[in-house]
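Work through the exercises below with the sequence and the model side by side, and try each task before you read its solution.

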Amino acid sequence: RSEPSLYKKYPKNLVDSEIQKNLLLIRRARFFSEFSTNDHSIRLAEKIRSGEFHGGSDDVKSNALAWCARFLALGENNLKSDEFLNLAKQLGNGPEVTIAEAFRISSHKDLEGALGILAGITSSTSYSAALRIVANQRDATTAITWLSKAGLTYADLDADGKVFFVVISLELCNWDIALACVSALSEEEYNEAPFLYWTSALTYLAQVIPDDLKSQSLQQVPFEARNFPLASTHASIQLRREAQELFSKFALAAKEIHCINAANIADDYALWLELRDPERSDSGRKKLQLSMSDPLHSL
């Protein structure tokens with residue numbers, strides 16, 4: 001095919017920058033349900049294989065293709081995953097290639113084989129991949145047990161791994177463990193994985209809700225939001241404010257990647273907590289009045 005020759009005029013460093021920018025978008029947005037990780041991964045990989053990104057550096061292309069292969073490894077696009085992984089191997093042999101291969105091996109129900117490959121890589125990305133693979137092949141409880149037996153904690157995971165760790169900790173009602181994890185997050189980690197704003201906000205919110213109502217309130221803003229029981233000690237108010245601020249930050253991040261439904265839900269949570277705050281309720285009412293005057297949000 002002749003298409004790649006059309007793009008040879010582009011400077012290699014410019015192409016590399018565009019590849020990395022596209023990959024970063026996928027990595028930052030892939031936990032949002034409104035974002036089609038599969039479509040974006042296939043589009044990026046095809047641009048690298050025979051489109052405007054064909055002229056990039058081999059190592060940059062290999063790394064991006066390996067990530068795309070990993071994103072596609074466990075679903076209906078597994079044949080595409082194999083194609084992109086093979087191409088990534090032809091261009092380089094970085095750790096992302098090995099991690100992508102582990103995901104492909106795990107898709108054939110070979111958990112031990114996948115973990116065996118990952119054992120050769122000592123990195124937070126590898127540990128996070130292993131945690132995800134164990135959970136996919138077994139369950140959340142087994143994944144947490146595996147992490148402990150491996151002598152690892154949430155501190156050994158990368159930002160993506162911490163998203164998953166907090167999600168399964170909340171699923172298992174390990175509220176204190178989830179709180180310990182999110183309390184130690186850095187701004188860099190939030191930037192790498194903006195979905196952490198959401199999981200962290202839910203974690204802080206869970207601390208101020210009665211145990212028998214936690215699951216209900218972490219699914220949606222309660223219908224009886226005005227009278228829903230929230231702890232009101234000084235420490236609890238601080239936790240509620242932390243949750244409110246994180247919901248607001250998540251909404252902004254969601255809007256940046258055009259996940260409007262996610263942004264609206266987060267804004268609702270933030271507004272609810274602001275209305276229930278003894279010192280912030282007036283500002284919350286003003287926001288509510290403004291929102292209700294907008295036909296798109298009034299319902």
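This is a predicted model: local features need pLDDT of at least 70, side-chain atom pairs count only at pLDDT 80 or more; totals for chains, interfaces and linings use all residues.

Residues are numbered from 1 along each chain as its sequence is written, and side-chain values use heavy atoms, with hydrogens and water left out.

**Exercise 1.** Find which residues line the largest cavity, and sort them by class.

*Solution.* Start with the term: on a 1 Å grid over the protein atoms alone, a cavity is a set of points where a 1.4 Å probe fits but cannot get out, and lining residues have an atom within 4 Å of a point. The count comes to 1 cavity of 30 Å³ or more, and the largest cavity holds about 50 Å³ of space, where a volume is the space filled by probe spheres set on the points. Next, list the lining, which consists of Arg-30, Phe-31, Arg-70, Ser-128, Ala-129, Arg-132, Asp-160, Gly-161 and Phe-164. Two or more of these residues come from each of helix H7 (124-137) and helix H9 (159-171), helices being DSSP runs (H or I) of at least four residues, numbered from the N terminus. Finally, the classes are 3 nonpolar, 2 polar and 4 charged residues, with Asp, Glu, Lys and Arg counted as charged, Ala, Val, Leu, Ile, Met, Phe, Trp, Tyr, Cys and Pro as nonpolar, and the others as polar.

**Exercise 2.** Decide whether the rings of Phe-247 and Tyr-269 are stacked or tilted.

*Solution.* Rings of Phe, Tyr and Trp (its six-membered ring) pair if their centres lie within 6.5 Å, and planes under 30 degrees apart count as stacked, over 60 as edge-to-face and the rest as tilted. There are 13 aromatic pairs by this rule. The centres of Phe-247 and Tyr-269 are 4.6 Å apart and their planes are at 10 degrees, so this pair is stacked. Phe-247 lies in helix H14 (residues 234-256) and Tyr-269 in helix H15 (residues 260-275), 22 residues apart. Phe-247 has a relative accessible area of 0% and is therefore buried, the limit being under 20% with a 1.4 Å probe and protein chains only; Tyr-269, also at 0%, is buried.

**Exercise 3.** Which ring lies under the charged end of Arg-132?

*Solution.* A charge sits over a ring if NZ of Lys or CZ of Arg is within 6 Å of the ring centre and within 35 degrees of the ring normal. The charged end of Arg-132 sits over the ring of Phe-164, 4.6 Å from its centre.

Terms used: On a 1 Å grid over the protein atoms alone, a cavity is a set of points where a 1.4 Å probe fits but cannot get out, and a pocket is an open set with protein on both sides within 12 Å along at least five of seven lines; lining residues have an atom within 4 Å of a point. Buried means under 20% relative accessible area, exposed over 50%, partly exposed in between (1.4 Å probe, protein chains only).
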